Amino acid sequence: MPRTTDGGATPVPRRLLDAATRLFADQGYDRTSVQEIVEAAGVTKGALYHYFGSKDDLLHEVYARVLRLQQERLDAFADADEPVEKRVRDAAADVVVTTIDNLDDAMIFFRSMHHLSPEKNKQVRAERRRYHERFRALIEEGQREGVFSTATPADLVVDYHFGSVHHLSTWYRPGGPLTPQEVADHLADLLLRALRP
């Protein structure tokens, strides 16, 4: 059985994901071979197939790990004992920061999602839908309470915000004029301005 670490340092699955992320970001999913991934990770093909089963599984995990993090954080914001406006703003800003913190993952996913198997594609869409539905439920809560306007349907509000988030990888550059938190604050404030009655 393959070792889970390289002698106490980075776990093998993490090394494989890190190598795959770098290669997919630099040269594209379809132009990256399994051999290049295992060489960059310093492991054997047997180790890759032990942990992931396929290159497709690696691509799925690149995105799934960010989505899991974002879902956990959204659930915490949504369940917090705070006014709905604060919960929406915190969640809206957080998804921007966590996307920027994982910009390669986001870029890889949106550039390469069509390479996923139909089964994995369906799974990812279900995971994204769960996230969007939880976010939409916050918007709807604010609309029911009269804190947010009902002039725009909650679904459209969610699509508007996540459209901005999904395009971050096309224009945001580390070291640019705005920090991740400043971008997050601006986009969250735009969303709240659009929601206010």
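This is a predicted model: local features need pLDDT of at least 70, side-chain atom pairs count only at pLDDT 80 or more; totals for chains, interfaces and linings use all residues.

Residues are numbered from 1 along each chain as its sequence is written, and side-chain values use heavy atoms, without hydrogens and water.

**Entry 1: the helix pair.** I looked up helix H5 (residues 84-101) and helix H10 (residues 180-195), whose axes come within 8 Å and cross at roughly 140 degrees. Helices here are DSSP runs of H or I with at least four residues, and axes are lines fitted to C-alpha atoms over the stretch in contact, with angles from 0 to 180 degrees between N-to-C directions.

I then listed the contact (heavy atoms within 4.5 Å): it includes Val-88, Ala-92 and Val-96 of H5 and Val-183, Leu-187 and Leu-191 of H10.

Entry 2: My search of the whole structure gave 1 cavity of 30 Å³ or more. A cavity is a set of points on a 1 Å grid over the protein atoms alone where a 1.4 Å probe fits but cannot get out, and lining residues have an atom within 4 Å of a point. The largest cavity holds about 150 Å³, the volume being the space filled by probe spheres set on the points. I noted 16 lining residues, with Tyr-63, Gln-70, Thr-99, Val-165 and His-166 closest to the centre. H4 gives the most to this lining, with 4 residues.

Methods: Helices (H or I, at least four residues) and strands (E, at least two) are DSSP runs, numbered from the N terminus. On a 1 Å grid over the protein atoms alone, a cavity is a set of points where a 1.4 Å probe fits but cannot get out, and a pocket is an open set with protein on both sides within 12 Å along at least five of seven lines; lining residues have an atom within 4 Å of a point.
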